[in-house]
Amino acid sequence: QVQLVESGGGLVQAGGSLRLSCAASGRTFSSYAMAWFRQAPGKERELVAVISRNGLGTYYVDSLKGRFTISRDNAKNTVYLQMNSLKPEDTAVYYCAADSSGTYFYTPRATSEYDYWGQGTQVTVSP
């Protein structure tokens, strides 16, 4: 089992940057593909980006490519989301999630594939 704790959210002006972190408990962090999802008020939770267990596979939602970067440090049990050129429509609660079912390069895309979730961190982008 793994516990996930997000941090790094906050209020930022449009065009600014934030770096989210998700720290995982336990000694098997490298066994999990990791993802960031987000949920805006009144909307469904949506995938932002995924990184495979070994860090060599990544997937981004097309609309976010070039602005967001997912990375992981297996030695620190942490996954990151660097968000640049933020827009008001990026305002949401951001969640990290872990999936243990795939191979080293697998990047699961569906919410239902993820076994563990963090509590979320609020990101607010002002115009």
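The following legends describe close-up views of one predicted model.

This is a predicted model, in which local features need pLDDT of at least 70 and side-chain atom pairs count only at pLDDT 80 or more, while totals for chains, interfaces and linings use all residues. Residues are numbered from 1 along each chain as its sequence is written, and side-chain values use heavy atoms, with hydrogens and water left out.

**View 1. The open sheet of four strands.**
The strands of this open sheet follow the order β1-β3-β8-β7 and pair in the antiparallel sense. Strands β1 (4–7) and β7 (68–73) stand at the edges with a single partner strand each, so one side of each is left without a neighbour in the sheet. On average, neighbouring strands are turned by 15° against each other, direction ignored; for such angles, axes are lines fitted to C-alpha atoms, and angles run from 0 to 180 degrees between N-to-C directions. Strands are DSSP runs (E, at least two residues), numbered from the N terminus, and two strands pair if DSSP finds at least two bridges between them. Six antiparallel bridges connect β7 with strand β8 (residues 78–83). Asp 73 stands opposite Thr 78 in β8.

How many of the eight residues of strand β9 (residues 92–99) are buried? Seven of them are, and the strand is thus described as mostly covered; buried means under 20% relative accessible area, exposed over 50%, and partly exposed in between (1.4 Å probe, protein chains only). Strand β4 (residues 33–39) pairs with β9 in the antiparallel sense over seven bridges, and Trp 36 stands opposite Cys 96 in β9. With strand β11 (residues 121–126), β9 forms three antiparallel bridges; here Val 93 has Gln 122 of β11 as its bridge partner. With strand β10 (residues 116–117), β9 forms two antiparallel bridges, and Ala 98 stands opposite Tyr 116 in β10. In a regular strand the side chains alternate between the two faces of the sheet.

**View 2. Aromatic pairs.**
The whole structure contains four aromatic pairs. Rings of Phe, Tyr and Trp (its six-membered ring) pair if their centres lie within 6.5 Å; planes under 30 degrees apart count as stacked, over 60 as edge-to-face and the rest as tilted. The ring centres of Tyr 32 and Tyr 116 are 5.9 Å apart and the planes stand at 80°, so this pair is edge-to-face. The pair links distant parts of the chain, with Tyr 32 in the loop between β3 (18–24) and β4 and Tyr 116 in strand β10, 84 residues apart. Tyr 32 counts as buried because its relative accessibility is 7%, whereas Tyr 116 counts as partly exposed at 22%. Phe 37 and Tyr 114 form another edge-to-face pair, 5.3 Å centre to centre with 80° between the planes. Phe 37 lies in strand β4 and Tyr 114 in the loop between β9 and β10, 77 residues apart; both residues are buried. Phe 37, Tyr 114 and Trp 117 form one aromatic cluster.

**View 3. Arginine side chains over aromatic rings.**
A charge sits over a ring if NZ of Lys or CZ of Arg is within 6 Å of the ring centre and within 35 degrees of the ring normal. Arg 53 lies over the face of Tyr 104, at 4.6 Å from the ring centre. Likewise, Arg 72 lies over the face of Phe 29, at 4.5 Å from the ring centre.

**View 4. The nonpolar cores.**
A nonpolar core is a set of buried Ala, Val, Leu, Ile, Met, Phe, Trp, Tyr and Cys residues joined through side-chain atoms within 4.5 Å. The largest nonpolar core has 29 residues, of which Met 34, Trp 36, Leu 81, Met 83 and Tyr 94 touch the most other members. At least two residues of this core come from each of β3, β4, β5 (46–51), β7, β8, β9 and β11. Beyond its neighbours within four places in sequence, Met 83 is in contact (heavy atoms within 4.5 Å) with residues including Leu 18, Leu 20, Phe 68, Tyr 94 and Val 123. A second, separate core of six residues includes Ala 35, Leu 47, Val 50 and Ala 97.

**View 5. The surroundings of Thr 107.**
Thr 107 is placed in the loop between β9 and β10. Its relative accessibility is 9%, so Thr 107 counts as buried. Leaving aside neighbours within four places in sequence, Thr 107 contacts Val 50, Ile 51, Ser 52, Gly 57, Thr 58 and Tyr 59.
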